[in-house]
Amino acid sequence: MIINFKTFRMKAGKKIKNLRFNIFGLAFMPVPAFLILLSCAGSSALTNDQATTADSLKIKKDTISIIAVGDMMLGSAYPSKSGLPPDDARNSFKNVAGYLKGDVIFGNLEGCFLDSGKSTKCKDTIGNSCFAFRMPERYAAIYKEAGFNLLSIANNHVGDFGLKGRKRTTALLDSLDIKYAGLLSHPYTILEKDSIKYGFCAFAPNENTVSINSIDSAKQLVATLKAQVDILIVSFHGGAEGSRFEHVTKAKEIFYEENRGNVYAFSHAVIDAGADVVLGHGPHVARAVEVYQKKFIAYSMGNFCTYGMFNLKGPNGIAPLFNIKLNSKGDFLYADVTSVKQDKINRLSVDQSHAAFKKIALLTNMDFPGHRLSFIDQRIRVKEN
């Protein structure tokens with residue numbers, strides 16, 4: 001996706017002109033800018049005076065808490081209802097409920113909400129060559145009850161049931177007042193809480209999502225959104241999948257002939273453009289963390305709550321629950337890590353052995369030598385000089 005912002009105007013009295021963009025090599029123009037930039041937030045572009053007012057908004061909190069987890073899919077009724085948990089997912093987050101408390105509670109919604117229909121992606125419903133996730137529509141309320149107020153829908157499963165699945169998913173999230181972003185139709189959103197405006201945009205390498213591979217366009221979107229908010233959160237669904245791909249390679253990752261992005265270059269680029277925290281998911285395993293320009297990056301948060309067809313063996317069955325603390329400028333203070341684990345019988349629970357925390361420390365030491373981070377007592381912080 002290529003977005004041309006040269007015609008975008010923020011001056012008082014001037015109308016927003018048209019955006020020109022390109023999807024998979026097909027040019028579309030003219031398209032009103034608000035369809036690309038403001039569709040999810042439902043707001044209009046700010047004038048200079050309004051932007052100044054937003055920038056000068058006095059933040060009341062000195063410390064901001066962002067709870068962040070990885071992939072979530074509570075059970076799929078496709079290809080059969082045998083893919084649903086016996087408690088109908090009601091107790092999915094029961095064992096971690098006390099940790100899902102913060103200003104922002106974020107996760108990746110790995111699938112769509114839809115009560116009927118066949119997958120537009122998978123032809124084989126018997127073998128293991130294709131996976132399509134269709135959560136019952138009633139499951140949307142479970143995320144709300146657990147406390148989630150921000151979700152990424154930029155991933156390779158949101159489109160498993162085509163436009164119908166995407167539209168029903170966004171309609172349900174809207175009805176529950178859960179903010180989300182990541183589709184071309186919903187590239188970003190704004191969440192306001194305690195007089196703080198949080199901007200959020202999400203990226204993936206998949207059809208109908210905002211592309212992780214168009215880094216220049218991502219930077220432009222981030223910069224434009226940052227001018228309207230106090231804290232900017234970016235997430236990505238990127239990198240190769242599985243236990244063989246735990247490392248941040250700092251290069252383009254190709255998986256099943258698909259370009260899954262250079263997550264290292266992407267993360268640094270969006271921080272340079274204004275992002276305050278970058279949250280990665282997609283590999284289904286935990287990866288290293290990094291602090292770049294005082295901003296926190298989690299390169300992959302693994303499988304957090306994934307029922308049914310997911311592989312939960314070894315590193316695929318452990319994950320972090322991050323409680324990330326930022327100051328009012330969005331700079332990283334520290335992150336507390338609650339390690340969780342999953343298996344087919346006990347499902348999601350807190351891991352008292354802290355395996356995910358230890359794995360992240362190990363991978364960070366390997367992938368980012370000289371990183372200056374300390375990993376002590378389940379807390380990550382920058383070492384003092």
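Modeller: Here is a short chat about backbone and side-chain details in the loops.

Biologist: Ground rules before we start?

Modeller: This is a predicted model, where local features need pLDDT of at least 70, side-chain atom pairs count only at pLDDT 80 or more, and totals for chains, interfaces and linings use all residues. Residues are numbered from 1 along each chain as its sequence is written, and side-chain values use heavy atoms, with hydrogens and water left out.

Biologist: Where does D87 lie?

Modeller: In the loop between β4 (63–73) and β5 (104–109). Strands here are DSSP runs of E, at least two residues, and helices are runs of H or I, at least four; both are numbered from the N terminus.

Biologist: Is D87 buried or exposed?

Modeller: Buried, at a relative accessible area of 11%. Buried means under 20%, exposed over 50%, and partly exposed in between, with a 1.4 Å probe and protein chains only.

Biologist: What is D87 in contact with?

Modeller: S92 and R347, leaving aside neighbours within four places in sequence. Contact means heavy atoms within 4.5 Å.

Biologist: Which side chain makes a polar contact with the side chain of D87?

Modeller: That of R347, at 3.0 Å. A polar contact pairs N or O atoms within 3.5 Å; within protein, one must be able to donate a hydrogen and the other to accept it, and residues adjacent in sequence count only if both atoms are side-chain atoms.

Biologist: New topic. What about the peptide bond from Y78 to P79?

Modeller: That bond is cis, with omega near 5 degrees. P79 lies in the loop between β4 and β5.

Biologist: And phi of D88?

Modeller: Positive, near 55 degrees, and D88 is not a glycine.
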